[in-house]
Amino acid sequence: MPGGNTRTILFFDPFPICMTRGEGCRLQDADGHEYVDLLGEYTAGIYGHSNAVIQQAVIDALNNGVSLSAHNRAELRLATLIRERYPSIELVRFTNSGTEANLMAVATAIAFTQRTRVLVFDGAYHGSLLKFGDPPSPINVPHSFLVAPYNDAAAARSIIRRHAAELACILVEPMLGSGGCIPGDPPFLRVLAEEARAAGALLIFDEIQTSRLSSGGRQALLGMTPDLTTLGKYHGGGLSFGAFGGRAGIMSLYDPRRAGHLAHAGTFNNNVLSMSAGFAGLSKLLTPEALDALNQRGDRLRNGLNALFAEFHSPLSATGMGSLMNFQFGGEPSLAKTAISLLFFDLLERGYYCAPRGFIALSLPIDETVLERFLDVMRDVLRSRRGIF
Ligand code: PMP
């Protein structure tokens, strides 16, 4: 593996951490250190580690054979549940990752509209091949992208109108995830929907992270109905997963009974382990009530952190929504990366694991007691770094 790494985001200087086991919301590294897992596998680990319900679902699936070479019941169960939770998803297809789901959604929009241009936003991350930051990624798929600033309704409107005739779709995260947990302003997101409709382009919501903000995703909170939605992460119960779906009139392009249908292959699209773990998680653990309670814990944590930062007159803040948040450094911009990195190591040293970029995704086993203790630890960090952050 180049640099000993097969997943770039996990690398940090001077050397990345190697975890050897996890249980509940606790992790243990190869040196035997223990951590509270505040990262939750970048949102895929919402159930925590080795949840008994997920374990049982995987064991049951394993006992019935994992490579059935055919349609199976588990895919139908999960598809049905997803359709129930997200009314905008009338038909769904599964993939192996969120990246793949977004690649498929964009390709579907291009095929459906017979147009070529794709509007995306600065700072957006839709997967390895769909990353729109600074500098531009040389390994993005070679679609004809237009990149607009996020949360700037006027700029988006003007770009959409200028390119209306050639615009296939708008791909947007309802909250920038990797871009720092910046919630999309509802008026901005509504302008995208209106302008997409007027232009005859499709609106695609990447809800791979934000779907956890309510049992119907951020779209339910906003009362919006995107044409296509992509899902991933925790929907596979912690196993590899992705999905894209939406209006029946669009998704039925993939109906194999139709002449001239589009083919979408993928050996593991319906693998029974992801399908079964995903169904067990959604149906038995991630009830709407459990999800709301998790997001309320997240809101309380973010408010608690921001109150602490204010008390210490710290340039730090925490942005985000519900169970997703990211530390921001409001001091000298050239120091931001270093400051957040220092905070990461300060927390790591005290036994709390978040992303090196300061991202936190809470999982179900993290309870109030764990969060109270974490706030105490943050207080200790702020005391020891007075004048720095
Ligand atoms: N979209 C968003 C919003 C994501 O956060 C991610 C993963 N961080 C992806 C797409 C890609 O998903 P995957 O890593 O499963 O390919």
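Trainee: So which residues are around the ligand?

Mentor: Keep in mind that this is a predicted model. The residues around the ligand are Ser97, Gly98, Thr99, Asn102, Tyr125, His126, Gly127, Glu173, Asp206, Ile208, Gln209 and Lys233.

Trainee: How do those divide into nonpolar, polar and charged?

Mentor: The shell has 7 polar residues, 3 charged ones and 2 nonpolar ones.

Trainee: And which helix gives the largest share of the shell?

Mentor: That's helix α3, which covers residues 98-113 and supplies 3 residues of the shell.

Trainee: OK, let's talk atoms. What lies 2.5 Å from an oxygen atom of the ligand?

Mentor: A polar atom in the side chain of Thr99.

Trainee: What about Gln209, how far is its side chain from a ligand oxygen?

Mentor: An N or O atom of the Gln209 side chain is 2.9 Å from an oxygen atom of the ligand.

Trainee: And how much of the ligand does the protein bury?

Mentor: The protein buries 84% of the 390 Å² that the ligand exposes when taken alone.

Trainee: Nice. Switching to the backbone: what kind of peptide bond joins Asp13 to Pro14, cis or trans?

Mentor: The bond from Asp13 to Pro14 is cis, and its omega is near -5°. Pro14 sits in the segment before β1, the strand at 19-23.

Trainee: And the bond from Asp134 to Pro135, cis or trans?

Mentor: That bond is cis as well, with omega near 0°. You'll find Pro135 in the loop between β7 (131-132) and β8 (144-148).

Trainee: What about Asn151, what's its phi?

Mentor: Asn151 isn't a glycine, yet its phi is positive, at about 65°. Look for Asn151 in the loop between β8 and α4 (153-162).

Trainee: And why does Asn151 count as partly exposed?

Mentor: Because its relative accessible area is 23%, and partly exposed is what falls between the buried cut-off of under 20% and the exposed one of over 50%.

Notes
Residues numbered from 1 in each chain as written. Predicted model: local features only at pLDDT ≥ 70, side-chain atom pairs only at ≥ 80, totals over all residues. Heavy atoms only, no water. Helix = DSSP H or I, 4+ residues; strand = E, 2+ residues; numbered from the N terminus. Buried < 20%, exposed > 50% of the residue type's maximum accessible area, 1.4 Å probe, protein only. Near = heavy atom within 4 Å. Polar contact = N/O pair within 3.5 Å; in protein donor to acceptor, adjacent residues only side chain to side chain. Areas by Shrake-Rupley, 256 points an atom, 1.4 Å probe, with all protein chains shown as cover. Nonpolar A, V, L, I, M, F, W, Y, C, P; charged D, E, K, R; others polar.
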